[in-house]
Structure formats: structure tokens, C-alpha cells
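Trainee: Please take me through the terms used for this structure, and show me how each one is checked against its definition.

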Amino acid sequence: MPRPRQFDEERVLSAVQSAFWDNGYAGTSLEDLLIASGLGKGSLYGAFGDKKSLFLRVLRMYDEANNQMLRSWLEQAERGIDVIRGFVTGPVRDPSGEQARRGCLLANTAMELSVSAAEVAAEARRSYASTTAVLTDAVRRAQREGDLAPHLDPDVTARAVLAGQLGLIVLGRVGQDPAALSATAEALLNGLLPAF
């Protein structure tokens with residue numbers, strides 16, 4: 001009979017996620033994963049498979065948590081426009097710029113691996129489609145609430161909002177000045193979200 005696992009799987013996945021997020025896929029060694037997880041090689045790979053399988057699981061977990069958080073935010077928000085604005089400005093809210101330099105695990109990964117790893121490209125497309133669906137709902141709600149012009153196409157606007165946010169993530173990742181990033185976010189929102 002196999003022995004039961006002697007570790008908290010969620011804690012391990014969270015720790016491993018941080019290692020991948022800080023170092024990127026290629027920059028995270030097996031030693032980094034063992035240190036982060038506190039497991040031996042046999043236990044880590046026995047529970048989660050090889051490095052690539054572990055990474056894809058962590059990436060999916062990250063994406064699903066973000067999508068659930070965004071959906072919950074829209075359900076609980078006073079107004080749809082607040083969700084859209086918060087989504088765009090989220091990556092640039094930290095005045096120190098530290099969060100912006102860390103970037104987004106999915107965006108970082110998509111830039112690093114989409115060309116060489118079909119599974120990563122597929123996961124990025126899936127996740128971005130889910131995000132776009134929530135943003136589309138937020139745009140429709142903002143239109144119903146009178147905060148966005150009714151002539152805007154909700155799907156096109158949602159994709160533009162996502163593209164703008166991803167651009168801010170890239171600029172933050174390379175160390176652009178936090179105040180400049182914040183001003184850019186406001187200009188982006190003003191251009192994408194006309195009231196009437």
C-alpha cells in the first residue's frame with residue numbers, strides 16, 4: 001500500500017509558485033524547487049510529476065484563482081466600471097514599483113514560453129479568454145449603469161482593456177517609474193472608457 005502524503009499539498013504548490021514567479025521557468029532549478037517545497041526530489045516528482053508538469057499545474061492554479069477573484073469582484077462591486085478601472089490600475093498601485101517589477105505569473109510565462117511550449121500558449125489563451133469574458137460582463141454592466149457609452153462593443157472593449165493592462169504589466173516588469181505607470185494607466189482608461 002502506498003504511504004499517505006506527509007505534506008500540505010496547497011502549501012507546497014504555493015511555495016513552488018513563488019519560486020517560478022520570482023525566477024521564471026528556465027531560471028528555476030530543481031534545487032530551487034526542493035528548497036521552496038521542503039521536499040526531496042522523489043517526493044516532489046512523485047506527487048507532482050516532472051518540472052514541466054508541476055509548472056503547468058501551478059500556472060493553472062494561479063489562473064483559476066485570478067479568474068475566480070475577478071468574477072467575485074464583479075459580483076460584489078458597487079459598479080461595473082470600478083472593476084474595469086481596478087483591473088487596469090491594479091498592477092501599478094504599489095508606489096514602490098516592487099509589485100510592478102514582479103509582474104504577473106501568467107504574463108511573465110506567456111512572454112517566456114509561449115513560442116516554445118504549446119501547453120503554455122494554450123493555457124494563456126484559455127486564461128485570457130476567461131478574463132475577457134468577465135471584463136465583457138463588466139463593460140455590459142457599466143453600460144447598463146450609465147457609466148460607459150452604449151455604442152461601445154463590449155467584447156472589443158474588454159479585449160482592449162486586457163491588452164492595455166498587459167502593456168502596463170510589461171512596462172512595470174522592466175522597471176518603469178511607478179508614477180509614470182500610474183499616469184499611463186489613467187490615460188489608457190480615459191481613452192478606452194468614454195462615458196458618452
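Mentor: Let us begin with the aromatic rings: rings of Phe, Tyr and Trp (its six-membered ring) pair if their centres lie within 6.5 Å, and planes under 30 degrees apart count as stacked, over 60 as edge-to-face and the rest as tilted. Pairs of this kind link Phe20, Tyr25 and Phe55 into a cluster. Please keep in mind that this is a predicted model, in which local features need pLDDT of at least 70 and side-chain atom pairs count only at pLDDT 80 or more, while totals for chains, interfaces and linings use all residues. Residues are numbered from 1 along each chain as its sequence is written, and side-chain values use heavy atoms, with hydrogens and water left out.

Trainee: How many aromatic pairs does the structure hold, and why is the pair of Phe20 and Tyr25 called stacked?

Mentor: The structure holds four aromatic pairs. In the pair of Phe20 and Tyr25, the ring centres are 6.0 Å apart and the planes lie at 15°, so both values meet the rule and the pair is stacked. Trp21 and Tyr62, in turn, have 5.2 Å from centre to centre and 75° between their planes, and this angle puts the pair in the edge-to-face class. Trp21 belongs to helix H1 and Tyr62 to helix H4, so their pair ties together parts that are 41 residues apart in sequence. The helices, like the strands, are DSSP runs numbered from the N terminus (H or I, at least four residues, for a helix; E, at least two, for a strand).

Trainee: How do you know whether Phe20 is buried or exposed?

Mentor: We use relative accessible area, where buried means under 20%, exposed over 50%, and partly exposed in between (1.4 Å probe, protein chains only). Phe20 has 1%, so Phe20 is buried.

Trainee: What makes Glu9 and Arg57 a salt bridge?

Mentor: A salt bridge is a side-chain nitrogen of Lys or Arg within 4 Å of a carboxyl oxygen of Asp or Glu. The side chains of Glu9 and Arg57 have an N to O distance of 2.4 Å, which meets that rule. Glu9 lies in helix H1 (residues 9-27) and Arg57 in helix H4 (residues 51-76), so the bridge ties together parts that are 48 residues apart in sequence. Both ends are partly exposed, Glu9 with a relative accessible area of 26% and Arg57 with 36%.

Trainee: Which residue forms a salt bridge with Asp137?

Mentor: Asp137 is bridged to Arg71, with the closest N and O atoms 2.9 Å apart. This pair links distant parts of the chain, as Asp137 is in helix H8 and Arg71 in helix H4, 66 residues apart. A search of the whole structure finds 11 salt bridges, and another of them joins Glu145 and Arg141 at 2.7 Å, N to O. Salt bridges that share partners also join Arg60, Glu64, Glu123 and Arg126 into one network.

Trainee: Why is helix H7 described as largely enclosed?

Mentor: Seven of the nine residues of H7 (residues 105-113) are buried, so the rest of the structure largely encloses this helix. Those buried residues are Leu105, Leu106, Ala107, Asn108, Thr109, Ala110 and Leu113, and what covers them includes H1, H4, helix H6 (98-102), H8 and helix H9 (154-173).

Trainee: What does Ser127 touch, apart from residues up to four places away in sequence?

Mentor: Ser127 touches Asp63 and Leu106, where contact means heavy atoms within 4.5 Å. Ser127 is found in helix H8 (residues 118-144), and its relative accessible area is 7%, so Ser127 is buried.

Trainee: What makes a set of residues a nonpolar core, and which members of the largest one touch the most others?

Mentor: Such a core is a set of buried Ala, Val, Leu, Ile, Met, Phe, Trp, Tyr and Cys residues joined through side-chain atoms within 4.5 Å. Of the 55 residues in the largest nonpolar core, Leu44, Phe48, Leu54, Ile84, Leu148, Val161 and Leu193 touch the most other members. Helix H8 gives the most to this core, with eight residues. Leaving aside neighbours within four places in sequence, Leu193 is in contact with Ile81, Ile84, Arg85, Leu148, Thr157 and Val161.
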